Each structure stands twice: as C-alpha cells, then as structure tokens.
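Please keep the sequence and coordinates at hand while reading.

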Amino acid sequence: MLKTEVVLASENPIVPAWPEVILGIVAFLILLFILKKYVVPRFEKAYEERAQKIEGGIEKAEKAQAEAEKALSEYKAQLADARSEAAKIRDDARLEAEQIKAELREQAESESQRIVAQGHAQLQAQKAQIVAELRAEMGRNAVELAGRIVGESLEDEARRRGTVDRFLAELDTAGATNGAGK
C-alpha cells in the first residue's frame, strides 16, 4: 500500500496527463470549428435581423415624429386662421350691429317725427274745429243778444253770418292791437 501512495504522491495532481490535454485541445478545436461554421453565422444573422428591425423602428419613429410635427404645424396654422377668421367675423358683426343700431335709431327718429307731426296736425285740426264750433256758438249767442238789443230778428242766415263775421273780425283786430301793444 505504501507503493501506491508513493506513486500517487509523485505525480502532480494539478498537472493533467498529456493524452488528456491533447484530447481536450482536439475536442476544443472541433467544438470551435462547429461553432464557427454553424452557430456563429446563425447568431450573426439573428443579430443583423434584429439590428435591421431596430433601425427600421427608429426610421419609422422618426417618420412618425416628422409627420406629427408637420400635422402640429398645420394644426397651428389652421388654428391661427380660425382665430383670425373669428376675429374678422366678430368685427363684421360689430359693424353690422352698429349699422343696424343706426338704422333703427334713424327709423325711430323718423317715426317719432312723423308721430309728432301727426299730433301737431291733429291738434291743428282739433283747434280749427273748436274755433269753428266756438265761432258758430258765439255767432248764435251774438245774434240772439243782438236780436234782443236791436229788437229785430236776425234769423236770416246771410245777415247773421255777415254780422258774426264782422263782429269776429273786430275782435281779431282788437286782439291784434292789444297783443302788439303788450
């Protein structure tokens, strides 16, 4: 037993045997050849496809961002146009409202002038009617009083009218003289 122990002790357990090293190197070279021949091209192909997808995604994202910026600028331009159009519509509406207000004011003034003129005309007509009624009443009263004073009947229409007109004319001249004297 001692002999086996010595043999084992003389060999270094850390250093492998040469046949194992050669076999390991050959197996490693075969494995390296298989990896380089079959596995690495597949990885390279997958890597290339993934890189193309990423680059395509970036290009699509850049295109989408450019389109979004273009749409945003168009939207801002349309918004500015809409605001200017709204301001123009407001200004037009104000001008139209001012015109309508002026027209309504003019119509109201002309209507009030027409009503005032119509009122004056009615007053003049009523005044003329009242004056005519008063003249007729005064004439009847004057004829009756004159008939009592004179003692003759002044019932004759022509006479009565002449007398009344003369009397009213004298009153008018007396009123004009008194009005001018004041």
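## Terms and basis

A residue is called buried under 20% relative accessible area, exposed over 50%, and partly exposed in between (1.4 Å probe, protein chains only). The model is predicted, so local features need pLDDT of at least 70 and side-chain atom pairs count only at pLDDT 80 or more, while totals for chains, interfaces and linings use all residues. Residues are numbered from 1 along each chain as its sequence is written, and side-chain values use heavy atoms, with hydrogens and water left out.

## Confidence

The mean pLDDT (the predictor's confidence in each residue, from 0 to 100) is 84 for the chain, with 86% of its residues at 70 or more. Among the helices (DSSP runs of H or I, at least four residues, numbered from the N terminus), H1 (residues 2–10) has the lowest confidence, at a mean of 47, and H2 the highest, at 90. Where pLDDT is low, the predicted coordinates should not be read in detail.

## Salt bridges

The whole structure holds 3 salt bridges, each defined by a side-chain nitrogen of Lys or Arg within 4 Å of a carboxyl oxygen of Asp or Glu. One of them joins Glu98 and Lys101 at 3.7 Å, N to O; these residues are 3 apart in helix H2, and therefore separated by about one helical turn. Lys101 is partly exposed at 42% relative accessibility, as is Glu98 at 48%.

Glu111 and Arg114 also form a salt bridge, with their closest N and O atoms 2.4 Å apart.

How values were computed. Helix = DSSP H or I, 4+ residues; strand = E, 2+ residues; numbered from the N terminus.
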